[in-house]
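Dear colleague,

Please find below the structure that I am handing over to you. My notes on the ligand site follow it.

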Amino acid sequence: ATKPVTITITGAGGQIGYALLFRIAAGDLLGPDTRVRLRLLEIPQGLKAAEGAALELQDGAFALLDAVDVTDDPGRAFDGANHALLVGARPRTAGMERADLLSANGGIFGPQGRAINDHAAEDIRVVVVGNPANTNALIAKEHAPDVPAERFSALTRLDHNRALGQLAAALDAPVGDIRNVAVWGNHSATQFPDVSHATVAGIPVPNLLTTRLEGADEALQWLAETFIPRVANRGAEIIEVKGSSSVASAASATIDHVHDLVLGTGDRGWTSAGVVSHGEYGVPEGLVFSFPVTSAGDGADWAIAEGIELDGFARSRIDASVAELVGERDAVRALGLVG
Ligand code: NAI
């Protein structure tokens, strides 16, 4: 049997943590042949919830689950970790300023980045789920100078999956037939869900929309006024309808993200992930920005899709999200959280 893979989940006593743990134990993250050891990191107030989840994991009698440890010590939690799912974060509370939010999260993601740097396994991969996810990933990455920057990502797969869901509904098409949707930018309302290169069973989505909505202008209008805002504001819609934030869909997207990174995107085209820019598509170097990406599997990092043509509309949407992320980066710089 192969060596078990160590997965550290922060905020494991929270809602997303609870939805994640059982799917990971069931083999949804790394496939049916890989045994897993779970490390649940919580703050002292969250330990009991995580311990309760650990008891339930035992009661699940998962054949692939090798061990579960619960701790409030980041050094222990990340010791030998192959994957880190950084879910726990400081939520924005009513009346909280952006600088206060970023500072509180700097106090979480700085030390966790440092602990990853010092204790994680050589092949560590990190995905940041806790918001503001892109900038929290930037902070963690900056505190882990010995870990290649490409190992850090921010979750925008939920936005990507939301775009797939909306497109499938609008075109009456199976989700599995859709290829090359892209989400660009920040995991926030400035994100740009882009279907201009997408296809359904090989047919360009813009053509399908033009036929269905009886005109190319109508299609563009639907994208700008209905599709993009619906996807970008879906989190708020969920809160309004169900009275609490997205949980199972966020956990599912986190599973998809790590699964596709490790096992590869195969012939399924692009997915989306927040990754460190090297200047691609005019996005300033060093920003954690969502791009269309693929993974070759086999231990590869996310690869940003190349050679995509951006029209004026796409350019302006991407620039708006760049501006927001530059603002967040400058704010965490001013706080001394990143260099
Ligand atoms: P939650 O409040 O139910 O759970 C968060 C848990 O994190 C709590 O148990 C808390 O004790 C723990 N925690 C806080 N600070 C910690 C630290 N320093 N170390 C370890 N654990 C810590 O929240 P929920 O619903 O599970 O959401 C978690 C995060 O995910 C939030 O920041 C939320 O905004 C974000 N989110 C991100 C999405 C994305 O697409 N990127 C989608 C949905 C949620």
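In which helix does Asn105 lie? Asn105 lies in helix α4, residues 98-119; helices here are DSSP runs of H or I with at least four residues, strands are runs of E with at least two, and both are numbered from the N terminus. Please note that this is a predicted model, in which local features need pLDDT of at least 70 and side-chain atom pairs count only at pLDDT 80 or more, while totals for chains, interfaces and linings use all residues. Residues are numbered from 1 along each chain as its sequence is written.

Asn105 counts as buried because 25 other C-beta atoms lie within 10 Å (buried means 20 or more other C-beta atoms within 10 Å of a residue's own, exposed 12 or fewer, partly exposed in between, with C-beta atoms placed from the backbone). Leaving aside residues up to four places away in sequence, Asn105 touches Ala89, Arg90, Pro132 and Asn136 (contact means C-beta atoms, placed from the backbone, within 7 Å).

Gly13 is found in the loop between β1 (5-10) and α1. Gly13 is also buried, because it has 26 C-beta neighbours inside 10 Å.

As for the ligand, 29 residues surround it, the closest being Gly11, Gly14, Ile16, Gly46 and Gly88 (a residue is near if its C-beta atom, placed from the backbone, lies within 6 Å). Helix α1 (residues 15-25) gives the largest share of this shell, three residues.

With kind regards

Note on methods. Two residues are in contact if their C-beta atoms, placed from the backbone, lie within 7 Å.
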